[in-house]
Amino acid sequence: MQAAESAALAYRPLPDELLPSRLHGKLLAPAPDADALALARAYLEQQLQETQALACDLPEDAHALAGWMEQRAAAVGQAYATYLQERQAGAPRRFFTGKAHALNFLRRVAPTKLVDGAWLYSALARWRDPLFRPLILTYLEELGDGDPAMNHVSLYRSLLASHGGEPALPLSEPHYVQGAIQLALAYHGGQYEAEMFGFNLGYEQLPLHLLITAYELNELGIDPYYFTLHVTIDNAASGHARKAADAVALAAAHADDPKQFMRGVRRGYLLNDLGLSTMDVINTFDLDQEVVRLMQEKAQFGRMMHSDYCRIGGKTVNQWLEQPDGMVRFLQELVRAKWIMRAAPVSESRFWRLIDAPGGQMFGVFDDYEKQLIREWIEAEWSEGKRQPSYRALARARERPAHTPPTAPVGAAHELDGLREELSPGRHHFVPGLQATRRFSALYRLSCVA
């Protein structure tokens, strides 16, 4: 079985207009213009060409997909059981060295998570065709049927907001590849229908890393609900994984050329392996390097903002900040001067009190994630010997409000076409989009049983 965390292809330079970060921004506009859509198609075609170099574990026969999916699910389940046994026997976390590492991960995968479900948007145009029903229902569920508490993008935005907001840290172009692919499919899935079916098939299979991520986030006191929600709705019994496989099999059976359709499905499936994988993002984190990077970034804005009465290592703070490349030495001097007490509680460090205590001279300079990063760097190799309560342990008294299915409004089916634009990736998580989603969902579900 091809690993869910397959290594990303080496990133190939692209013309500026096809850089995934730029395309990502253009396609998240409320209504992307014609130039952006043309670039999206060119980018999608270029990415499909990249898949030709990849090995594919997908069966060529659509009838074999159910068995393939069940074997994958069983293998993931067994691997997760092994992980749990290892943890119960005392093994350390496999993914995250600490809370700062986990928050760094959440920020770095944001370009993908903040377009969750986007690859299915163009399926809405085919709402009259029963073959697209599984894809459309999946998209509506990704949008929470218009409930902001269940809309996946809203959930992820809330998760980021609870820990300092959306990413301010610099992200490389490969971080945007998957999000750009999904947004390109959002607007060109009509021209690449088999590829859309195939991408959906790959994305909706439950990977091992999702289970471990949810477990370790909870352990670190971070709400894992966005990830546990995907564990449940993507299940292979009746969830998105099963629906995706059944949808491909049904569409292939009705295709004019089933073999050609399946070739397109395989190409779309392999799009999932481009860009950075989850494990790529996790494994690139280094606490020391991230603290240095943070200080270099802050130096650009903090230079000339400090008084000169205090000298550290023979220099004023302004003099240190004028040379961002010298942040390693600056940190060493802060330790030497006992402004920072390494391997001790942060409360013993004068520098920490300046940035964390209300009224501190640097209060507000660092956001929640950045302070967590500094805390773990200072306290490295020190432990108070207490186990940190999990997120669920801290939140047991809080009940998540039950999701109430939208009440079907009275309306004609022809309204569906008029509502589609508000369900686009750049709109659906705002108030008008949520309202339109509730109405579209109710009308479409009524049409399914009519």
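Reader: What makes α7 roughly antiparallel to α11 in this predicted model?

Author: Helix α7 (residues 152-161) packs against helix α11 (residues 225-233) at about 150 degrees, with the axes 9 Å apart. Axes here are lines fitted to C-alpha atoms over the stretch in contact, and angles run from 0 to 180 degrees between N-to-C directions. Over 145 counts as roughly antiparallel, so α7 gets that label against α11. It's a predicted model, where local features need pLDDT of at least 70 and side-chain atom pairs count only at pLDDT 80 or more, while totals for chains, interfaces and linings use all residues. Numbering starts from 1 along each chain, and side-chain values use heavy atoms, leaving out hydrogens and water.

Reader: Which residues make the contact?

Author: With contact meaning heavy atoms within 4.5 Å, α7 brings His152, Leu155, Tyr156 and Leu159. From α11 come Tyr225, Tyr226, Phe227, Leu229, His230 and Ile233. They split into eight nonpolar, two polar and no charged.

Reader: How do you know that α4 is mostly covered?

Author: Buried means under 20% relative accessible area with a 1.4 Å probe, protein chains only. In α4 (residues 99-108), 10 of 10 residues are buried, including Lys99, Leu106 and Arg108.

Reader: What makes a set of residues a nonpolar core?

Author: Buried Ala, Val, Leu, Ile, Met, Phe, Trp, Tyr and Cys residues joined through side-chain atoms within 4.5 Å. The largest has 66 residues, and Leu106, Tyr156 and Phe227 have the most contacts inside it. Helix α10 (residues 208-219) gives the largest share, six residues. Apart from that core lies another, of 65 residues, among them Trp119 and Leu443.

Methods. Helices (H or I, at least four residues) and strands (E, at least two) are DSSP runs, numbered from the N terminus. Angles under 35 degrees count as roughly parallel, over 145 as roughly antiparallel, 65 to 115 as roughly perpendicular and the rest as oblique. Ala, Val, Leu, Ile, Met, Phe, Trp, Tyr, Cys and Pro count as nonpolar, Asp, Glu, Lys and Arg as charged, and the others, Gly among them, as polar. Buried means under 20% relative accessible area, exposed over 50%, partly exposed in between (1.4 Å probe, protein chains only).
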